[in-house]
Amino acid sequence: MLLPVAIAVALAACSKKEDAAPAATAAAPAAPEYRLDESTLPGVNRFTLADLDTTQDACTDFAAYANSKWLAANPIPGDRTSWGAFEMLDERSNAVQRQLAEQAAADADATGVKKIVGDLWATGMDEAKVNAQGIEPLAGHLAAIDALADGPAVAEYLRTSAAKGENFLFGFGAEADFQNPDLNIAYAMQGGLGLPDSKYYFDADKKDIRDAYVAHIAKVLELSGVAAADAQKQAQDVMAFETRLAKVSKSREDMSRDVSLYYNPVSLADADKLAPNFPWTKFFESQGVAAPQMFSLAIPAFHQEVSKALGDTDASVWRSYLRFHTVDGASPYLSDAFAQENFNFYAKTLRGQKEMKPRWKRVLATVNEQAGEALGQMYVQVAFPAESKAKMEALVANLGTALKARIENLEWMGADTKQKALAKQAAFTPKIGYPDKWREWNGLETSRDSYIGNVLAAQQFNYRWNLSKIGKPVDKTEWGMSPQTVNAYYNPLQNEIVFPAAILQPPFFDPNAPDEMNYGGIGAVIGHEMTHGYDDQGSRFGPTGKFENWWTEADAKGFAGRTDKLIAQFDGYTTADGQKINGRHTLGENIADLGGLATAYDAMKAAAGDTPDPMTDGLSRDQRFFLNWATVWRRNFTPEELKNRIATDEHAPAQFRAVGAPSNLPAFAAAFKCEPGKPMVRQGDGQVVIW
């Protein structure tokens, strides 16, 4: 994946993503029923000659040469924590979606997806009604929590609330079986933490964040009706309880660098023995799911600790914990005081966001979270021309041909492994723009009565829909992202590469742009997602998506030696304020960038053939290819957001992605006539060549 939307292996259910799509109706109708005023849409970010900072040396710092002028002239908006090509397209996508949501809300006779989108939008935008309701919509939840007297009662509450799609203690849902990727099984994951990562509970440099989090817990409890003095004590209890969970939780780095942690097949009997105070047999019964012969109980130490806590932790601590997380999770949908406190900690303190997003953006985010593909059906009718899909299909085919040739010509890989690598490449399934079949939304009842009422109804509906897939064949028409998402992903369990409609705009893709610009933009993205099939974790899955070892021992050793060099390369990068990049945590994305850019360059050269170099604006075809790659990765961060990203994100900060892959490619040095010894020229043992 290009952005930190989810873990690279796309285990959507286990990270509580509910926006994939099973079969139902035909895709976009022939006669669009929605209007789009393009004159009001924000612009896109294209490379221009004026962007170049000619006081910088491209061979010393290519990112500065390509982007420093643009970055200086484009500060981060107050309601953002970063600003660049991705964010500009996100603003444009949001503006399209807003028009559609407003049209849906204005239609009193709407049905189907239009009614769902319209009801969520209308109730969310009714600020006066939301404020008047205050915390009253949660009164029943809080009364049930206040009545919990002991561990068994808490366990029963955890089961009943999970059945309604309200489960913050652990992730639970359907995903393909690692050993039989044509079949969905149940996965249970770790969870329960309010801070971004388990490391935040222990690292010395995160103490200020921990202190701010305790203050936030206390404030939320106060807003929920707890007396100030009691709220302070309860906040300490909640923090101590979460710290206990953090001790047995895996970090984001651990999870991103060892995909096997997600897969721990157990029988129900063995799971019950592991967690006697939270019997999984009873949990499956309470969710209405048939008892399986096996499910994946990932991070068993976490679930074992939860069971222990149900036996040895005073019910008052559980009540404080459940009360806080119930209110905190609902805060974005409650009155202004709750929404403001939620912003103050999660956006302002953690990420350095100066201003709360306007209400329409926050409500639109909720529509996407709860009914993203419903809105997507509307979006593609007005925002995705057919010619874009046709040209993308040709680009994907060209990138596939180039990747095949690169694999065939690998000198370090033996014939047996190479044959299997080629089989995996041949089996890639591309998905472009939007699903061939849309998800069915029948059964989701929404109204104009209550914003949070609609949100809770959608959460329960999505959860029940997800659980309905357990034990059934995988629907390979499903998507893990909505069409209006500015991103792309690779799913190793289905060996598929997916490119939503919203990313297919400049600087990534323009059907009218010269080939070198598209290959340096979306071509490199296509190559990036293909290479995820061969990164340090994707390479552990075979052509059918099965988790298996298809490497000879010698080739696995050779691969590790090359990836170790890439880890060292990124370990050597440091931000302007002295923060070191974690080469191990970012390894998968760095492998994908390197392989993707190299493959895109090969595909561009093949497409150009013997045609003369047009030398546009005095720049060669190769220079423009690399410059559009850098344009994709121009991005400003708030200091807090950069610190958070380095600690939690499996992607390196954008400036290092702009320079990392090109510095390993001789074609870059040739394009900009870089002399040996320059920082952008890696040679000999310092050059990383993988795919």
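Colleague: What makes S7 and strand S8 (residues 496-500) a pair?

Modeller: In this predicted model, S7 and S8 pair in the antiparallel sense over three bridges. The cut-off is at least two bridges, so the two strands count as paired. Asn 491 has Glu 496, in S8, as its bridge partner.

Colleague: What is the order of the strands in that sheet, and what is the pairing?

Modeller: The sheet is open, with three strands in the order S6-S8-S7, and its pairing is mixed.

Colleague: Which helix lies across S7 and S8?

Modeller: Helix H19 (residues 515-531) does, running at about 145° to S8.

Colleague: How do you know that Ser 256 is buried?

Modeller: Its relative accessible area is 15%, and buried means under 20%, so Ser 256 qualifies. Ser 256 belongs to helix H9 (residues 252-257). Leaving aside residues up to four places away in sequence, Ser 256 touches Gln 537, His 585 and Glu 650.

Colleague: What span is expected of helix H12 (residues 300-312), and what does the model give?

Modeller: H12 has 13 residues and reaches 18 Å from its first C-alpha to its last, close to the 18 Å expected at 1.5 Å a residue.

Colleague: Which residues of H12 are buried, and what covers them?

Modeller: Phe 302, His 303, Glu 305, Val 306, Ser 307, Ala 309 and Leu 310 are buried. Their cover includes helix H6 (151-163), strand S3 (180-188), helix H8 (228-247) and helix H13 (315-330).

Colleague: What makes up the largest nonpolar core?

Modeller: The core has 202 residues, and those with the most contacts inside it are Phe 62, Phe 172, Trp 280, Phe 626 and Phe 672. Helix H15 (residues 359-383) gives the largest share of this core, eleven residues.

Colleague: Which residues does Phe 62 touch?

Modeller: Not counting residues up to four places away in sequence, Phe 62 touches several residues, including Phe 626, Leu 627, Phe 668, Phe 672 and Met 680.

Methods
Residues are numbered from 1 along each chain as its sequence is written. This is a predicted model: local features need pLDDT of at least 70, side-chain atom pairs count only at pLDDT 80 or more; totals for chains, interfaces and linings use all residues. Side-chain values use heavy atoms; hydrogens and water are left out. Helices (H or I, at least four residues) and strands (E, at least two) are DSSP runs, numbered from the N terminus. The expected span of a helix is 1.5 Å times one less than its number of residues. Buried means under 20% relative accessible area, exposed over 50%, partly exposed in between (1.4 Å probe, protein chains only). Contact means heavy atoms within 4.5 Å. Axes are lines fitted to C-alpha atoms, for helices over the stretch in contact, and angles run from 0 to 180 degrees between N-to-C directions. A nonpolar core is a set of buried Ala, Val, Leu, Ile, Met, Phe, Trp, Tyr and Cys residues joined through side-chain atoms within 4.5 Å.
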